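Morning, everyone. Please open the model on your screens, and keep the sequence beside it.

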Amino acid sequence: MNKKQCTAATKLIEILKKQGVECIFGLPGGSAIPLYDALALSDMKLVLTRHEQGATHMADGYARSSGKPGVVLVTSGPGATNTLTGVMTAMMDSVPIVVLCGQQLTSNLGLDTFQEADVSGMSYPIVKHSFLVKDPNELPSVINQAFHIANTGRPGPVIVDLPKDVTSALIDEDTTGEFTLPGYVVRKEGNLDSIKEAAAMISKAEKPILMVGHGAVISGAGQEIKAIVEKMQIPVTNTLLGKGCFPESHELNLGMPGMHGTAYANMALCECDLLVSIGARWDDRIAGSPSDFLPQAKKIHIDIDPVEINKTVQVDCSIIGDAKSVLNSLYGYLEKGNTQRWIKLIRRLKREYPLKYKKEGKLRAQHVIEEMSRLTKGEAIVTTDVGQHQMWAAQFFKTEHTRHFLSSGGAGTMGFGFPAAIGAQLANPGRIVVAVVGDGGFQMTLPELSTAVNEKLPIKILLINNRYLGMVRQWQHMFYDNRLSGVDLEGNPDFVKLAGAYGCKGFRVKRSADVRKVLGAALAYNDGPCIIDAEVEKYDNVFPMVPSGAGLDKMLLSMPRNKLEKPKGGT
């Protein structure tokens, strides 16, 4: 008796449902038609996007805000290559997404046929893993492997390249897709000797600081960090992607360190005698010049990825393991030291060097962002694009909960913020989602307004409109004698009219006196997305600023009168 059969595409959708997938972000094309046909015969939700890059950022925002893998489904050739920026963004920030790409027939591979591209080969430097499936019977197992790899250990993107004849082929209906992955080992618990060594260093330190990164967010280590902080009275600084893992309203929170971190975080780091990095990778925007980063301080590194240990900054003690598990073990070995004088100094630094901005004159971006933060009381999920507004959001949009601040950290991908907000809103339908974007980045992926309108998502798009590519202008102003080149966004559309053209609500604010009223009206509007076009001062720069490649002790609190040398670091 012959076994019942189904197409490999039908089996793929069935496996996605067993993996807990609730929706797929994508755009169809010829090579992906068998997959879209199977989707049409299922009850799986499809979010039809306007561009494949938008689909990957949506899946990314969905994954970052929910902790569950996001799924993308696109066609071959340009459809697949259009996802690569989003894949790189997810790789740099350790985000679990699975990208399913249609592909030409297996017999056409390598023949330069229509919409054929070696996306698997192109993707190797920017994925956690990449599959090209040539045997339809292996497809169920490969899909299960893709989810396992994407969402375990240090998460990351996985691409599955699916030739059309493979997805169209008939396979046994009862195939379960079991697999083994020899050599793929995820180490969760840290080495006990290393944990005891770290505990002794922390207990002995007089001026310790915890630096919390995305790894701590991913592992859900917020409660463990708070327990250690309050037992040991240790101040906490968080990286851009670590925002929210430890409440920013806590008196021992120092905010973000580094290039545009708070002055008191950077000053405290320059004084500390021990820095404990928890799931943070010593990013160049924090370490500046890694070879002489905080020479006075001992350093401990807790990370699930052994590749990160001593990659840029040499450490005195390392623990390889999941942050939550390691901190749980560490807590029992800690003995409370005396940090009273240290905490007294931290309080003085916070009092004497607060974040500030000019209140007079034209509307300030910082004012608009700070007011939105006050109105949403730290409860909103915030996404950002990349640039000045991103740094102001990191400074002034206070975050109380983990997975509530989503930003492209490592890749610095302009155009990320708005589509990421679509994914976050779909994953969190009952929460306020605010996309803080600039007028440059927003125009890179704004066609996804159609997607947000179709899905009736009440996203608040807070558009910080200074009619410049502001961060590049700031660098040209500060380090290149104000020779502005290619940064004036002359010809921007009327964003309120643009909102209307897409069928969504538009607000505009130009005066400081109107900010609270306009933002209140936007927050009260829940019939779909809305744009708040905040026309802000054009020439404001983000401070504090540590020039790229310089030490934290070279931090600038305002624009100096003397001419500045060109920065030695990259970007």
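Where is the place of Lys336? Lys336 sits in the loop between helix H14 (323-331) and helix H15 (340-352). A word on those labels: helices (H or I, at least four residues) and strands (E, at least two) are DSSP runs, numbered from the N terminus.

Now the ground rules. This is a predicted model, where local features need pLDDT of at least 70 and side-chain atom pairs count only at pLDDT 80 or more, while totals for chains, interfaces and linings use all residues. Residues are numbered from 1 along each chain as its sequence is written, and side-chain values use heavy atoms, with hydrogens and water left out.

Back to Lys336. Is Lys336 buried or exposed? Lys336 counts as exposed, because its relative accessibility is 53%. The cut-offs are these: buried means under 20% relative accessible area, exposed means over 50%, and partly exposed is in between (1.4 Å probe, protein chains only). Lys336 touches Lys231, Met232 and Gln233, leaving aside residues up to four places away in sequence. Touching, or contact, means heavy atoms within 4.5 Å. Look at Gln233 in that list. Lys336 and Gln233 are 103 residues apart along the chain, yet their C-alpha atoms are separated by 8.2 Å.

Zoom out now. The protein chain has 23 helices and 19 strands. Its radius of gyration is 24 Å, close to the 25 Å that the globule rule gives for 571 residues, so the chain is as compact as a globular protein of that length. That radius is taken over C-alpha atoms, and the globule rule is 2.2 Å times the number of residues to the power 0.38. Along the principal axes, the C-alpha atoms fill a box of roughly 80 × 60 × 40 Å.

How much of the chain is buried? Of the 571 residues, 58% count as buried. Among contacts with a separation of 6 or more, 76% come from residues 24 or more positions apart.

Ala200 belongs to helix H9 (residues 192-204). Ala200 is partly exposed, with a relative accessible area of 46%. The C-alpha atoms of Ala200 and Ala380 are separated by 39 Å, and these residues are 180 apart along the chain.

Next stop, Glu248. Find Glu248 in the loop between strand E10 (236-238) and helix H12 (263-271). Glu248 counts as buried because its relative accessibility is 12%. What does its side chain meet? The side chains of Glu248 and Lys243 are joined by a polar contact of 2.6 Å. A polar contact is a pair of N or O atoms within 3.5 Å; within protein, one must be able to donate a hydrogen and the other to accept it, and residues adjacent in sequence count only if both atoms are side-chain atoms. The Glu248 side chain also has a polar atom 2.7 Å from the backbone nitrogen of Thr399. Beyond four places in sequence, Glu248 touches several residues, including Asn238, Ala394 and Phe397.

Phe397 comes up again. Thr376, in helix H16, touches Phe397, Ile432 and Leu523, again not counting residues up to four places away. Thr376 counts as buried, because its relative accessibility is 4%.

One step along is Lys377. Lys377 lies in the loop between helix H16 (365-376) and strand E14 (381-384). Lys377 is exposed, with a relative accessible area of 66%. Check its backbone as well: phi of Lys377 is near 55°, a positive value in a residue other than glycine.

Why look at that? Most residues other than glycine have a negative phi, and most peptide bonds are trans.

Ser94 is another case, with phi near 60°. Ser94 lies in the loop between helix H5 (84-92) and strand E5 (97-103). Ser94 is buried, with a relative accessible area of 8%.

Now a peptide bond. Which residues does a cis peptide bond join? The pair is Phe543 and Pro544, and omega is about 0°. Pro544 is found in the segment after strand E19 (530-535).

Last, go to helix H1 (residues 8-18). Its buried residues are Ala8, Ala9, Lys11, Leu12, Ile13, Ile15 and Leu16. Note the lysine: Lys11 is one of the buried residues. After H1 comes Gly20, whose phi is positive, near 90°.
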